[in-house]
Amino acid sequence: MENHLVTQKNELVEAHHVDPLSVNEQKVVLTMISMIEPTDDDLKTYLLSVRDFAEMIGLKGESTYSEIKKISKTLVSKVVEIPIGKKDWIVATWASSVRYRSNEGTVEFSFDSKLKPYLLQLKNQFTSYRLSNILSLKSTYSIRLYELMKKWQHLGHWECSVDDLRGFLGAKHVKSYSVYGNFKNRVLSPALVELNEKTDVQISFNEIKKGRSVERIEFTIRHAPDKEIKLIEPKNNPVQQKKQSENEDIRKRLNALANDYSFNHIYFAEMYEGALFIWNDDAEKELGMLIRYVNEEEGVKNPLGFIKIKLQEYGELYQEGLPVTFADLKPSQRRTGRAEKVPEWFKNRSATKEVEKKIDSNIVEERQKLLNELGI
């Protein structure tokens, strides 16, 4: 279960949690979302064993039953506000029903039907991450911030107003958090510390002020694959094995196109994730066009850095709703592969003076020879 992927439409990731979920409620919801298969064309009833439920939230004995009942009630009543375009929005509850089956030791979870467009058949503009990365988090704000950081990880940065950030994190309901200093010290900073310690993202932020007040936050996001929690995959998971094999084949094909550079597994994973975000099924084709441009453009001195920057630029344009394709990139000069050798006299100042003396001497000799020929 921990290796399942949590995949949501970006609008749901950036929804305002009007009634904030507790950390345990969030874990239950995200676990249920991770059970949705990419091929599902309708929402189903999803089952969670009581044993898994108890392990997830660290409960033992009779307290498990009372916590299940408590969470079940809140998930069918707490609402989330999802933006639709710039002005419209929809309010939905997380669950339409939750049923506890004591004889079977399971909990049946049914999502609100209004969430269907945000959870099913997602082809573009979605965020996906491994469930195991959030199960160890202790703060509801940490989980929400992690989801936002994963949404923008492919760009490496994200800027947000302080007021919107409070809404995203579900911190607006606490009156004292309207004061930025309280929000920073009790919500934002602790969440960043926990994410940097326990998850596969490394985050820092910069405060953007208007006068003396902090108005916006600019986040810098880096992937930290060495810290990602990856549990051993079951050997009988042919779907996962097929996906890994297909991605490795794509990496090999793109490396075959590259001249004098290559993509290691970590770089490729980030590059391909960003391309999938923008172009989905055309990701490999678009990356191929970018690689061919890099091969031909003489001005590109750092191919890997150039590719990363271009993906960030195109990702930002895509977020603004603009159509983007690397087919528009036209090389101005072909790469020659030739490195000009710097003359020794250019690097050696004393040698330069000797050359200058030799040139002056030659000019004098040539001048005298010409005067003799003219009989002057």
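Select Lys-151 and Trp-152 to begin: Lys-151 lies over the face of Trp-152, 3.5 Å from the ring centre. A charge sits over a ring if NZ of Lys or CZ of Arg is within 6 Å of the ring centre and within 35 degrees of the ring normal.

The model is a predicted one: local features need pLDDT of at least 70, side-chain atom pairs count only at pLDDT 80 or more, and totals for chains, interfaces and linings use all residues. Residues are numbered from 1 along each chain as its sequence is written, and side-chain values use heavy atoms, with hydrogens and water left out.

**The whole chain**

Show the complete cartoon next: the protein has 15 helices and 10 strands. These are DSSP runs numbered from the N terminus, helices being H or I of at least four residues and strands E of at least two. Of the 376 residues, 42% count as buried, where buried means under 20% relative accessible area, exposed over 50%, and partly exposed in between (1.4 Å probe, protein chains only). Contact means heavy atoms within 4.5 Å. Among contacts with a separation of 6 or more, 65% are accounted for by residues 24 or more positions apart.

Select Thr-127, which lies in strand E7 (residues 126–130). Thr-127 is buried, because its relative accessible area is 3%. Its side chain is joined to that of Asn-10 by a polar contact of 2.7 Å. A polar contact is a pair of N or O atoms within 3.5 Å; within protein, one must be able to donate a hydrogen and the other to accept it, and residues adjacent in sequence count only if both atoms are side-chain atoms. Beyond residues up to four places away in sequence, Thr-127 touches several others, including Val-6, Val-13, Glu-147 and Lys-151.

Now display the aromatic rings. Rings of Phe, Tyr and Trp (its six-membered ring) pair if their centres lie within 6.5 Å; planes under 30 degrees apart count as stacked, over 60 as edge-to-face and the rest as tilted. By this rule the count comes to 16 aromatic pairs. One of them joins Tyr-129 and Tyr-146, whose centres are 5.2 Å apart and whose planes stand at 90 degrees, so the pair is edge-to-face. Since Tyr-129 lies in strand E7 and Tyr-146 in helix H7 (residues 140–152), the pair ties together parts that are 17 residues apart in sequence. Tyr-129 counts as buried at 3% relative accessibility, and Tyr-146 is buried at 0%.

**Helix H7: Arg-144**

Which helix holds Arg-144? Arg-144 lies in helix H7, and at 1% relative accessibility Arg-144 counts as buried. A polar atom of its side chain lies 2.8 Å from the backbone oxygen of Val-13, while a polar contact of 2.9 Å joins the side chains of Arg-144 and Glu-147. Leaving aside neighbours within four places in sequence, Arg-144 is in contact with Val-13, Ala-15, His-17, Gln-26, Phe-168 and Leu-169.

**Helix H8**

Gly-170 follows helix H8 and has a positive phi, near 75 degrees. Select H8 itself (residues 162–169), which is mostly covered, with 6 of its 8 residues buried. The buried residues are Val-162, Leu-165, Arg-166, Gly-167, Phe-168 and Leu-169. What covers them includes H7, strand E8 (157–161), H9 and strand E10 (213–223).

**Helix H9**

Move to Leu-195 in helix H9 (residues 180–198). Leu-195 is buried, with a relative accessible area of 0%. The C-alpha atoms of Leu-195 and Leu-145 are separated by 8.4 Å, although the two residues are 50 apart along the chain.

**The nonpolar cores**

Select Trp-152, Trp-158, Phe-168, Phe-205 and Phe-219, which ring pairs link into a cluster. A nonpolar core is a set of buried Ala, Val, Leu, Ile, Met, Phe, Trp, Tyr and Cys residues joined through side-chain atoms within 4.5 Å. The largest such core has 70 residues, and those with the most contacts inside it are Phe-111, Trp-158, Leu-165, Phe-183 and Phe-219. Apart from this core lies another, of 27 residues, among them Tyr-267, Ala-275, Ile-307 and Phe-326. To finish, centre on Phe-219: not counting residues up to four places away in sequence, Phe-219 touches residues including Leu-145, Met-149, Leu-188 and Ile-203.
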